[in-house]
Amino acid sequence: MKLRKQVTVCGGAIFCVAVFSLYLMLDRVQHDPARRQSGGNFPRSQISVLQNRIEQLEQLLEENHQIISHIKDSVMELTDTGAVSPSGHLPFKSANGSWVLPFDGHPTFLAVKPQDCQFAVASRAKTDVQMLDVYSLLKFDNPDGGVWKQGFDITYEPDEWDNEPLQVFVVPHSHNDPGWVKTFDKYFTDQTQHILNNVVVKLAEDPRRKFIWSEISFFAKWWETADVYKQEAMRKLILGGQMEMVTGGWVMTDEANAHYFAMIDQLIEGHQWLERNLGITPISGWAVDPFGHSATMPYLLKRANLTSMLIQRIHYSIKKHFSSTRSLEFMWRQAWDTGSSTDMFSHMMPFYSYDVPHTCGPDPKICCQFDFKRLPGGRINCPWKVPPKAVVEANVAERAQLLLDQYRKKSKLYRSKVLLVPLGDDFRYDKALEWDQQYINYQKLFDYMNSHPELHVRAQFGTLTDYFSALYKAYGVAPGSRPGDFPVLSGDFFAYADREDHYWTGYYTSRPFYKSLDRVIESHLRGAEILYSLAVANARHAGMEGRYPVSDYALLVDARRSVGLFQHHDAITGTAKENVVIDYGTKLLRALIGLKRVIINAAHFLVMKNKEFYRFYQTEPFLETDDRRATQDSLPQRTLIELDPAGPRYLVLFNPIEQERLCTVTVLVNTMRVRMLTEDGQTLPVQLSPQWSSGTQMSAEVFEATFMVRLPALGLAVFHLYDSADSPMTFRSDIVLRLPSQSITARALDPLPVRSQPADSQTFYISSQTLTLGFSGTTGLLEVSVLFDDNLEVKVHMQFMVYGTRPSKDKSGAYLFLPDGKAKPYNQKEPPVVRVAEGPLFSEVVAQHQHFQQTVRIHNVPGVEGLSVDMTTMVDIRDQTNKELSMRLVTSIQSGDVFYTDLNGFQIQPRQHHPKLPLQGNFYPMPSQAYIQDSRHRLTLHTAQALGVSSLESGQLEVILDRRLMQDDNRGLGQGLKDNKKTANRFRLLLERRSPGNKSESQPNTTTSFPSTVSHMTDALLNHDVLALPVLPKRRGVPPLQTFAPLKSVLPCDFHLLNLRSIQSQDPQSPSQYTALILHRLALDCGFEAQNLGFNCTTTEGQLTVSSLFKNLDLQLLQPMSLTLMHSSTPLANDSTISLDPMEISAYKIKLR
């Protein structure tokens, strides 16, 4: 009864607070000038002001009604669970076996406005081509097309160009991979620097010569080593239009595995470099080598104010179809766009490759003869056995006619009379001889063509933008606008096959260790950017800029560039040589160490209660890092916090997400006697567990302490850890070892009792307040998931499977997935050791198999953390040969042949399993999540690293975890995948139930789909771990610390703070006064049963007042910018409300002091 009284009193108090806050809100509406409408002195405007006031009052009443009903529910929930502990102490075990935790004291509510749910169900703008339909339509057969093997015979009438001559733009280019077969630096030394040196000399020889370049990582390195005369000559060529920077990213990013945070960041890094050093802004996008193309890319380029783009690596059947319908140029629209604001003009190259034999026209045997680097006597020749001939007076007519025939045939595949002909290949133009061979011979051909009007052709060298500009001019439209009747397309271009059944779906998983490391560093980069920006702004506000290590900016720049480099389409893809992978890994580890330093230095300043006591010593850090990695290819080791009876240790926790977070945090301690206190002295429940060195061996010196905390959004919270005799709030995990045979014994240590029992085949269970999971007695793997409130059981059966590779001819490699048929079940000689741990804060099952260890944990915490299943699969297949390990979920969900995968963590793309495609053709990239659903449930697998995924049968999801392949797959790498590491793959499994009567989204014909609020938050939790930073013991004692909560007002829960990035000054190593605020408004599917999120979630129809966002800081500039900060709009009034549509990413230049 005592607790019930307490709860009633607490509920009553909260009710009073809610009523009082309503009064204050009404008062604010009355007096707040920002809410008044400007409308003159007319009675009509006063009426409209009154109407607005009434609407605001209604809205506030509705929100308060929701708050109060949620409080009531919370109180009822507590009393209903029989939440009265026998001893009066909490936590305790209730009658049904689940632990009940102390009431958190924070009532939470979900107030998503109905208007903010409309976008997910809104009707979309009609497109002419939807890629899902194209997949259904095509046979994906491979008939011989003649000279254009994967196409068809192209014919034309000689008089077709009589009225409008053919305009040909030949675009010389050199594709420079920032690491592939050689490292970035080796390529630069051996080839790239010579290419760029030649650009300066050779373009200056003739103003008609043109060239394009895309990788700013290489260009910046060249610029730094070039003397001032070369720099000036290069600047002159660029500003004069002979040399064009295309796309302008740090790299030509992979589009399958890259996360949109990093895609944007590398684009900003490249564009900012160009702006600072050359004062130019790219206009056209160029992506000839990424292995398949994502719909995210046109959106990002559009937001960066580019007008046109080019793509190349697309399934040969799709290229043929688009060629036959003359749809190779189209407006690429986002599937979720309700209008046409995302349309991006796109050009698809029609043939096999971007090299010279496959770019002048359909016949590679002829086109190869016009690659003058292959002239007899050189190092490379034409595989078609007909070499090029130097162009001379005697043969110019015949050579020009032969080439023009190819140009005309190629132009028949497009709608306009303007033709693009790329002229280049990997690392071309590195020798002066090649410049002469190509430019002099082509100029003779152009001069001949242009001087014979009866040929009706105008041929010239051009840049990519020269081509696009001529096309827009021919149609009389502005750059970026839709020319004439060009089709509108939505969808993406995965999976890619370049010939036969050679699907490039292996690289979605290749080298998963580095795919995982990449995402850890991205989270650190975002966290470091945000904390650094806030620390510098607070230091400026306090007049302490001189005492803060502003020079940490150099570490941020280094990390941006290392992460940017790794987004390259041979880096994150796992398709580089082993020594190149080590080079990437070394750069990434250096970046991670630097970022941890930035975070520690910012946290130190921000948690100081009295900033006067703040002292920064480079050699004496105030805080320790949360973990350490011994080498670039080792797993992290958590930092041990050594407790001492003499006094407390302090712990600072950083929450990198933009919402308040209720979660568990685990740290390593050296004693079982742990007491954890909040800053204001409240004791927190702690669950102690052993640290295991093997399946059955535990450490005697190191223990895991897990505690439940509530952390402010983007904030730093301070906690005190004591070595003290047993606290009633410290609990020990109850551990059972299920041993397969008597021969294995567990070494239990006295402080932590461990029970052993022989394994049996019976299903066993673990429970939390929201979930119950059933596990197989034999394998220790998940078998069923029970939704707690009404015991509705959903089958979620976990299986591990193995793929081999083909016995003959072509085999799987770094790029290709060529399995030897369906997967076979994984089995091992010895049955697994299974460990079960249960306690008040979490329960987990660890199944130790020979090649993987699976940990499945449920958190007994109210809110998002407790709603999903936390899974870590530690994989080690280093003793395998030509094997790929997959994790398959077999469920009772009736998903049919439809499943959903994300594109770049930005949007969801519906997929269909097609039996007409080979097994490997049904795999897709999964950078952050995949789900299946039916009319009642949705099951989402969230992932912390990019991997390949499919749904091969109804109710299934299957993920490839790692691949070990002993041979090259003939795509130029020259190696297999033999450098596997022990890799931790992290997931969250979320099962959601549709609200009754909400079946709208389960139809298979939909072209869009969106995650729920819970799903968005789960993704954030998984990808942005809390960082636990211990304060180092100080001889003179630790000065007073306090929690840092930077947000003054709650960010709407459909807003994601993508970055708060300090903008460079003219000195690239130091920041300017300005910061880039980059926001993404999430689109929500509200059709699922509402859950307690553990924080107050409200939406505002996309409205946000930036000036009221940050505590203790003044906003002195608010200027809307293009995504990469190259184009600015008029600054807004500082107290303006900004507005974002669902799915929109917007950038603002702000000044905080």
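1. Contact here means heavy atoms within 4.5 Å. Among contacts in the protein between residues at least 6 apart in sequence, 76% join residues at least 24 apart. This is a predicted model, in which local features need pLDDT of at least 70 and side-chain atom pairs count only at pLDDT 80 or more, while totals for chains, interfaces and linings use all residues. Residues are numbered from 1 along each chain as its sequence is written, and side-chain values use heavy atoms, with hydrogens and water left out.

2. The protein has 18 helices and 53 strands; helices (H or I, at least four residues) and strands (E, at least two) are DSSP runs, numbered from the N terminus. Of its 1153 residues, 62% are buried. Buried means under 20% relative accessible area, exposed over 50%, and partly exposed in between, with a 1.4 Å probe and protein chains only.

3. Helix H9 covers residues 296-303, and six of its eight residues are buried, so the rest of the structure largely encloses it. Those buried residues are Thr296, Met297, Pro298, Tyr299, Leu300 and Leu301. Just after H9 comes Asn305, with a positive phi of about 70°.

4. How do helix H8 and H9 cross? The axes of H8 (residues 260-277) and H9 come within 11 Å and cross at roughly 40°. Axes are lines fitted to C-alpha atoms, for helices over the stretch in contact, and angles run from 0 to 180 degrees between N-to-C directions. H8 is therefore oblique to H9; angles under 35 degrees count as roughly parallel, over 145 as roughly antiparallel, 65 to 115 as roughly perpendicular and the rest as oblique. Tyr260, Met263, Ile264 and Leu267 of H8 make the contact with Thr296, Met297, Leu300 and Leu301 of H9. By class, this contact has seven nonpolar, one polar and no charged residues. Ala, Val, Leu, Ile, Met, Phe, Trp, Tyr, Cys and Pro count as nonpolar, Asp, Glu, Lys and Arg as charged, and the others, Gly among them, as polar.

5. Contact residues include Leu555, Leu556 and Asp558 of H16 and Tyr584, Lys587 and Leu588 of H17. The contact of H16 with H17 has eleven nonpolar, two polar and four charged residues.

6. An open sheet of six strands runs in the order E4-E14-E10-E11-E9-E8, with mixed pairing. Its edge strands are E4 (129-130) and E8 (284-287), each of which pairs on one side only. Two strands pair if DSSP finds at least two bridges between them. E8 and strand E9 (residues 308-311) run parallel and are joined by four bridges; Ala287 has Ile311 in E9 as its bridge partner.

7. Strands E38 (residues 898-903) and E39 run antiparallel, with six bridges between them. Val898 stands opposite Gln912 in E39. The two strands form a hairpin with three residues between them, and Asn904 in the turn has a positive phi of about 60°. Five of the six residues of E39 (residues 907-912) are buried.

8. Is Pro207 buried or exposed? Pro207 is exposed, with a relative accessible area of 64%. Pro207 lies in the loop between helix H5 (184-204) and strand E6 (211-213). The C-alpha atoms of Pro207 and Gly240 are 9.2 Å apart, although 33 residues separate them along the chain.
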